[in-house]
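This briefing begins with the overall fold, turns to shape and surface, and ends with a single residue and its surroundings.

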Amino acid sequence: SQVLLACVRLRLFDVLAEGPQELAPLARRLGLPEAGAVRLLDAAAALQLVERRGPRHHGLGPLGAAMVGNEAIAAMVEHHAALY
């Protein structure tokens with residue numbers, strides 16, 4: 001749930017909806033240090049939210065694609081953060 005919340009708050013799915021992104025520019029765009037972006041992307045990949053697209057590129061995974069433009073799910077994720 002923490003990984004999903006971080007992805008929602010950083011709008012990672014919207015960024016990746018533009019197409020696969022290279023690690024360094026993606027980290028800068030998210031406002032994360034590169035090492036932090038790697039940890040988040042690895043965790044999100046384990047949950048099928050994102051996928052590796054080569055050694056330093058990431059794109060939407062099957063479950064992350066369902067999040068693009070779905071404000072209702074994003075709101076539910078944010079709401080659950082307040083509960084836990």
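The protein has six helices and three strands, and the model described here is predicted. Read from the N terminus on, its elements follow the order α-α-β-α-α-β-β-α-α.

**Overall shape and packing**
- A compact globule with 84 residues would have a radius of gyration near 12 Å, and because the protein has 12 Å, its value agrees with that expectation.
- The C-alpha trace spans about 35 × 25 × 20 Å along the principal axes of the protein.
- Of the 84 residues in the protein, 35% are buried.

- Gln 21 is placed in strand S1, which covers residues 21–22.
- The relative accessibility of Gln 21 is 16%, and because buried means under 20%, Gln 21 counts as buried.
- A polar atom of the Gln 21 side chain lies 3.0 Å from the backbone oxygen of Gly 19.
- Leaving aside residues up to four places away in sequence, Gln 21 touches Val 15, Leu 16, Leu 26 and Arg 29, together with Arg 56, His 57 and His 58.

Key: Residues are numbered from 1 along each chain as its sequence is written. This is a predicted model: local features need pLDDT of at least 70, side-chain atom pairs count only at pLDDT 80 or more; totals for chains, interfaces and linings use all residues. Side-chain values use heavy atoms; hydrogens and water are left out. Helices (H or I, at least four residues) and strands (E, at least two) are DSSP runs, numbered from the N terminus. Buried means under 20% relative accessible area, exposed over 50%, partly exposed in between (1.4 Å probe, protein chains only). A polar contact is a pair of N or O atoms within 3.5 Å; within protein, one must be able to donate a hydrogen and the other to accept it, and residues adjacent in sequence count only if both atoms are side-chain atoms. Contact means heavy atoms within 4.5 Å. The radius of gyration is taken over C-alpha atoms; the globule rule is 2.2 Å times the number of residues to the power 0.38.
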